[in-house]
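Subject: The structure I promised

Hi,

Have a look first, then read on for what turned up.

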Amino acid sequence: MSWEKLEIRTLKDAPKDEYFVAGHRTCQGCGPALACKLIAKAAGPRAVVITATGCMYVANCSYNTTPWAIPWMHAQLGGIGSAVCGAAAAYKAMMRKGKLKKEEIHVIGLAGDGGAADIGLSGISGAMLSGEDHLIITYDNESYANTGVQASSLTPWGAWTTFTPPGKMLRLGNVRVKKDLPKMIAAGHPNVRYVATASTSFPFDLMTKVRKGLAVKGPAFLQVHTPCPKGWKFSPELTVRIGRLAVETGMWTLYEIEDGQFKLSYKPPKRKPVSEYLKLQGRFAHLREPDYRYIQEQVDAACKQLGID
Amino acid sequence: MTKKFEEFPTWKEMPVGLVVFAPPVNGPNPHYKTGTFRTLRPVTDPAKCNKDGLCWLYCPDSCRSSDAETLFAVNLDYCKGCGVCAEVCPTKAISMINELEFKE
Ligand SMILES: Cc1ncc(C[n+]2csc(CCOP(=O)(O)OP(=O)(O)O)c2C)c(N)n1
Ligand code: SF4
Ligand code: SF4
Ligand code: SF4
Ligand SMILES: [Mg+2]
């Protein structure tokens, strides 16, 4: 293991060095950028990051410059699965042939919700069955943000996007239910030893999960909830507060599935009403009381099933 | 005059394309300054700061120093003025001040 310890539980444990550095074109208060920074910090200097097309490619590596201080590569929007498999296999082969020094290299694939849950899903499924050593991380900003905030299969019910504008005929915005990607990965690939969810508003939990996903043998999967001020229509200073509210209301849940065993990582002591989360975001501004009640019922049922309540 | 096939470089001789050089660890990326995004500047009150470092950890732009003695000093060439640091600060030590109030 290339770190002193696996768990990062306090600020003292958090590595000082930054490998995702200042100087990128993301919006003010960008949640996915915070995710990149924390992921790189946890993974450390012997990591290699591959990012699928999306904000975390386009807004980071602008005009022939990059904020990644560790090796980084771009992959096509739907190509993250094959790219990480290829990189992991190539490192293994080069080390076997003596062309590279034998050491632990952490191959990380980053893809947005569009890149992971829609366009790259089959490739990720292949990567999960591959047996190569890598960690695929989905930064979930709940839309195709980079092309102007279109709905993806991870956009929540009721949300405005440019593809789901609420209007006179269709009052609600997005009427599809958010796909449960981590459960899908876990259920469909019983060989995968580590599947987890995290949030940029719980940075210690996130950093520990990055290390656990990298330490486990074979492929691993992590989905990180990352508030997006532009796509969710909120003021940039609220990024961390909104991410925290998502977990405190039960709209996002933090858990791990380790060797098939489900374990909650955080149980809000007393769940807050979902309206506290929804009302801070312009993408839900058109919703009314009955809609809040409907979402509350759905979230209550999901939390009961997960053992949060 | 058109080249003969044998005169073209082989794949082993081709220069690698689309390579971008990495910034140093801890940065910044010298080629892309983002301080002009900012309209509000974070200013830390030393009397209120308990030096816990949460502002450093949560900055999405990695533009705060990790040194507690400088109160996690902000690199103003890069700070976008998002206000996340002020929002997460448990002691409310950071104020976001209008850039127009600064001379420099
Ligand atoms: C195959 C393909 N289709 C469409 C695009 C256009 N495109 C570029 S970025 C992007 C959005 C990707 O969304 P997501 O993966 O959620 O990442 P985000 O932008 O939200 O960070 C799209 C559709 C593309 N580059 N490639
Ligand atoms: S649109 Fe959202 S994800 Fe993209 S750079 Fe802006 S805040 Fe980040
Ligand atoms: S978060 Fe606030 S109290 Fe903590 S180090 Fe930063 S300014 Fe000081
Ligand atoms: S205002 Fe935003 S970019 Fe500037 S130091 Fe604070 S968190 Fe970082
Ligand atoms: Mg997205």
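Glu248(A) is buried, at a relative accessible area of 17%; here buried means under 20%, exposed means over 50%, and partly exposed is in between, using a 1.4 Å probe and protein chains only. Its partner is Lys272(A), and the two side chains form a salt bridge with N and O 3.0 Å apart. By salt bridge I mean a side-chain nitrogen of Lys or Arg within 4 Å of a carboxyl oxygen of Asp or Glu. Lys272(A) is partly exposed, at 32% relative accessibility. Glu248(A) sits in helix 9 (239–249) of chain A and Lys272(A) in the loop between strand 8 (261–264) and helix 10 (274–278), so the bridge ties together parts 24 residues apart in sequence. (Helices are DSSP runs of H or I with at least four residues, strands are runs of E with at least two, and both are numbered from the N terminus.)

Before you go further: this is a predicted model, where local features need pLDDT of at least 70 and side-chain atom pairs count only at pLDDT 80 or more, while totals for chains, interfaces and linings use all residues. Residues are numbered from 1 along each chain as its sequence is written, chains are lettered from A and ligands numbered from 1 in the order in which they are written, and side-chain values use heavy atoms, leaving out hydrogens and water.

Side chains of opposite charge can pair when their charged atoms come close. How many salt bridges are there over all chains? The count is 25.

Another one joins Lys41(A) to Glu18(A), at 3.3 Å from N to O. Lys41(A) lies in helix 1 (residues 31–43) of chain A and Glu18(A) in the segment before helix 1, so this pair connects parts 23 residues apart in sequence. Lys41(A) is buried at 1%, and Glu18(A) is buried at 4%.

Then there is Lys178(A) with Glu142(A), whose closest N and O atoms are 2.8 Å apart. Both residues are in the loop between strand 4 (134–140) and helix 6 (181–188) of chain A, 36 residues apart. Lys178(A) is partly exposed at 22%, while Glu142(A) is buried at 4%. These two also belong to a network of salt bridges with Asp140(A) and Arg283(A).

Strand 5 of chain A

Is strand 5 (residues 194–199) of chain A mostly covered or mostly open, and how many of its residues are buried? It is mostly covered, with six of six residues buried. In a regular strand the side chains alternate between the two faces of the sheet. Here Tyr194(A), Ala196(A) and Ala198(A) point one way, and Val195(A), Thr197(A) and Ser199(A) the other.

Strand 5 runs parallel to strand 6 (residues 219–225) of chain A, joined by six bridges; strands pair if DSSP finds at least two bridges between them. Strand 5 also pairs with strand 7 (residues 255–258) of chain A, in the antiparallel sense over three bridges. Ala196(A) has Leu222(A) as its bridge partner in strand 6 and stands opposite Glu256(A) in strand 7.

Ligand 1

Ligand 1 has 15 residues around it, with Tyr139(A) and Asn146(A) among the closest; a residue counts if one of its heavy atoms lies within 4 Å. A polar side-chain atom of Tyr139(A) is 2.7 Å from an oxygen of the ligand.

Happy exploring!

Methods. A polar contact is a pair of N or O atoms within 3.5 Å; within protein, one must be able to donate a hydrogen and the other to accept it, and residues adjacent in sequence count only if both atoms are side-chain atoms.
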